[in-house]
Every structure is written in C-alpha cells, then in structure tokens.
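Here are my notes on this model, point by point. Please read them with the coordinates open.

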Amino acid sequence: QRAQLLAWYGRFCQEQGRHVVAIRWCRRAVEEAEAAGDRAALATALWVLDWAQLDLGKLEQPDNWHRALGLFEALGDLHGQATTLNSLGISAYFRGRWDEALDLYGRAQQMARRSGNAVQLAAYQNNVAEILLDQGRVDEAERLFESALRTYRAGGFRSGAAHQNCNLARVAACRGHYDEAARLFELSRQEAEAVGGHVETLETGARWAECTLLAGDLDGAQRQAAVQIERARGLGGVAPQLALLYRVGGAALARKGDLEGARLMLTQSLESARARQADYEAALTMRLLADLGFGDGVDSADALAREGDRILGALGVIWAPNLLAPGPRQLVTT
C-alpha cells in the first residue's frame, strides 16, 4: 500500500508540473514496490519517472517506459499498456520520429478501445491531431480536437478540456481569427489554473504569446514570452515550450529592428530545441535564423535553411505560421 501511495503521489506531483519532486517520490516508490513485490505499483512509478525526465528534457532512452510496458503486459493491464504506449509515442513525437509516434498512438488507441476508456481514447486521438496541426493540416486536426473536447466535457476531464481549448485556439490563430483564439486561450488558462495544471498553463501561455505576435502586437508578445520563459524555468530542466518562447521573443525583436537581440534569442531557441532533440522546433528556428541572414556559429544561413527544409519535408509539414509577418508561410517540402 505504501508503494502504491508513493507512486500515485509522484504522479500527481508530475501532473502539477513538479517534475523534480515527482522523480524523488517515484524513486522511493520503486524501492518500496520492488521490496514488496508489487508489480502494479512498480510499473506506475517507472512510467512516471520517464515522464518526468521527458518533461525536464533529460530523457536519453525510455528504458523505464519499456520496463513498465512489460510489467503492464504481464499484469494484463490494458489501461497501463495504453498509457505507456502513448508516452513512448510522445517521446518519438518530440524527437521528430512522427511515423513511429503515429504507430504508437495507434496501438495505444487499440488498447483504449479494448478497455472501453473513451476519455483515454480521446487523449490519444488528440495527440494524432497535434501532429496534423503541426503539419499544417488544420481542418483534419480541428475535427479531432472538437471530438476530444466533447468527450472530455462529458467525462469531466478538466485538464484535458483546457488542453483542447488551447489546441482549438491554435487552429483559430492559424486561420487569422485572433479574437476567437484569445477567447479560447483564456478559457484554457482558467481551466488549467483551476485544477493546478502548471504545465497546461505554461503551454497555453506559450501558444498565446505566439498568437499575440501573429496578431501584430509585438510588445505584448514580448511580455508574454518573457513571463512564460520564467514560468518554464521555474519547472526546472528544458521545458518543451522554451524553443517556441525564445523563437517568439526573437521574432518580435527582429520585427522591431533589434537584429542583434533577435539573433541571441533565436540562438537560445535553437539550443533549447537541440537539447531536447526536438527536430521540428529546431527546424522552425533554423528557417527563422536563415530568413534573417543568421548562421548558428557552425552553419551558414543557407545551410540552416537547407537543413530546416529537409527536416520539415521529412515530417510532412506543408506550412507553418510566419512569425516575421502576419499570415501563413508556405513551406517548400521535398
């Protein structure tokens, strides 16, 4: 029982965004679970450990997830299998292995259907939709986001509803509907804060800063980016939103004429993306640096542009918002 309590306490700390604390509790849970021979508590603790390491940007190999998956399979725990397969998919997504991510999300969905967990199934469909949105396939993504939101509301999953409102706000921003985006971002922020979801609040703030820049409010975008960068630092490690936030801050400075300040922030964006092996984020920042005529100290602007195009083409990205001017930016893919 102590092992189970420690593992679940670690999970709730992780849900709040207290990654370092979550790791500490889950390591204790692993010790207790192994001593007691409790495979269920051990699997949960191992799953949370790699989740926290991922959010800190420190996950080299998801060994704990693979071990947890084997334990959940031995226990016949469909929910645990689905959750772990989805987590492995998220890791593949951040590292730019989107085909692998989609395969893992599909396997997770199969498990969720077998267990009859509609909310879990909606979460995995949302992850597929996020890839579609990143690729620029906005209409397809929107349909999945709206379906997930209906399920979350019916199931009372407030953290999930906050995330869906954030994603639907991104859809509105892609279409240039910035007032509607702001309304949805505010709904997302309120819901995330109400449940104590620090990670969800950070994600909403980062996407809102990007939308503010696209809407043409350069000062507002800078302020929001600065606030969220500090929030991200407070969570520890290299948060996945840092590359975006530094990119927004750098683009705002560039549009205001401060090219040296822009170069410094965009360099930080690229470093943050590379630290997490986040190919998609790195590619977007490479293109921005190249558009401004900057290299990265190793590669020239032309080399960065070619590498950025190569990555985005391999990921199937057809367009992305242009942070240097309002409106979508068509991307050349190969």
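1. Helix 11 (residues 198–214) packs with helix 13 (residues 242–255) in this predicted model. Their axes come within 10 Å and cross at roughly 20°. That makes helix 11 roughly parallel to helix 13, because angles under 35 degrees fall in that class. The crossing of this pair, helix 11 and helix 13, is left-handed.

2. Which residues make the contact between helix 11 and helix 13? From helix 11 come Leu202, Ala206, Arg207, Ala209, Glu210 and Leu213. From helix 13 come Leu244, Leu245, Val248, Ala251, Ala252 and Arg255. By class, the contact of helix 11 with helix 13 has nine nonpolar residues, three charged ones and no polar ones.

3. Look next at Gln241, in the loop between helix 12 (218–235) and helix 13. Is Gln241 buried or exposed? Gln241 has a relative accessible area of 6%, so it is buried. Leaving aside residues up to four places away in sequence, Gln241 touches Val199, Leu202, Glu203 and Ala206.

4. Helix 4 (residues 63–75) and helix 5 (residues 78–94) form another pair to check. Their axes come within 8 Å and cross at roughly 160°. Helix 4 is therefore roughly antiparallel to helix 5, since angles over 145 degrees count that way. The crossing of helix 4 and helix 5 is left-handed.

5. What does the contact of helix 4 with helix 5 consist of? Helix 4 brings Trp65, His66, Leu69, Phe72 and Glu73. Helix 5 brings Gly80, Gln81, Thr84, Leu85, Ser87, Leu88 and Ser91. The residues of this contact between helix 4 and helix 5 divide into six polar, five nonpolar and one charged.

6. Now the cysteines. How many disulfides does the model have? The count comes to zero. For Cys13, the closest cysteine sulfur belongs to Cys26, and the gap is 8.3 Å. Cys166 is in no disulfide either; its nearest cysteine sulfur, that of Cys211, is 10 Å away. Cys13 counts as buried at 2% relative accessibility. Cys166 is buried too, with a relative accessible area of 1%.

7. One backbone angle deserves a check. Most residues other than glycine have a negative phi. Gln277 is not a glycine, yet its phi is positive, about 55°. Where does Gln277 lie? Gln277 sits in the loop between helix 14 (259–275) and helix 15 (279–291). With a relative accessible area of 35%, Gln277 is partly exposed.

8. Last, Arg189, whose place is in helix 10 (residues 178–194). At 26% relative accessibility, Arg189 counts as partly exposed. Arg189 and Thr201 are 12 residues apart in sequence, but 5.7 Å apart in space, C-alpha to C-alpha. What does Arg189 touch, not counting residues up to four places away in sequence? The contacts of Arg189 are Thr204 and Trp208.

Note on methods: Residues numbered from 1 in each chain as written. Predicted model: local features only at pLDDT ≥ 70, side-chain atom pairs only at ≥ 80, totals over all residues. Heavy atoms only, no water. Axes fitted to C-alpha atoms, helices over the stretch in contact; angles between N-to-C directions. Helix = DSSP H or I, 4+ residues; strand = E, 2+ residues; numbered from the N terminus. Parallel < 35°, antiparallel > 145°, perpendicular 65-115°, else oblique. Left-handed = near helix turned anticlockwise from the far one by under 90°. Contact = heavy atoms within 4.5 Å. Nonpolar A, V, L, I, M, F, W, Y, C, P; charged D, E, K, R; others polar. Disulfide = S-S within 2.5 Å. Buried < 20%, exposed > 50% of the residue type's maximum accessible area, 1.4 Å probe, protein only.
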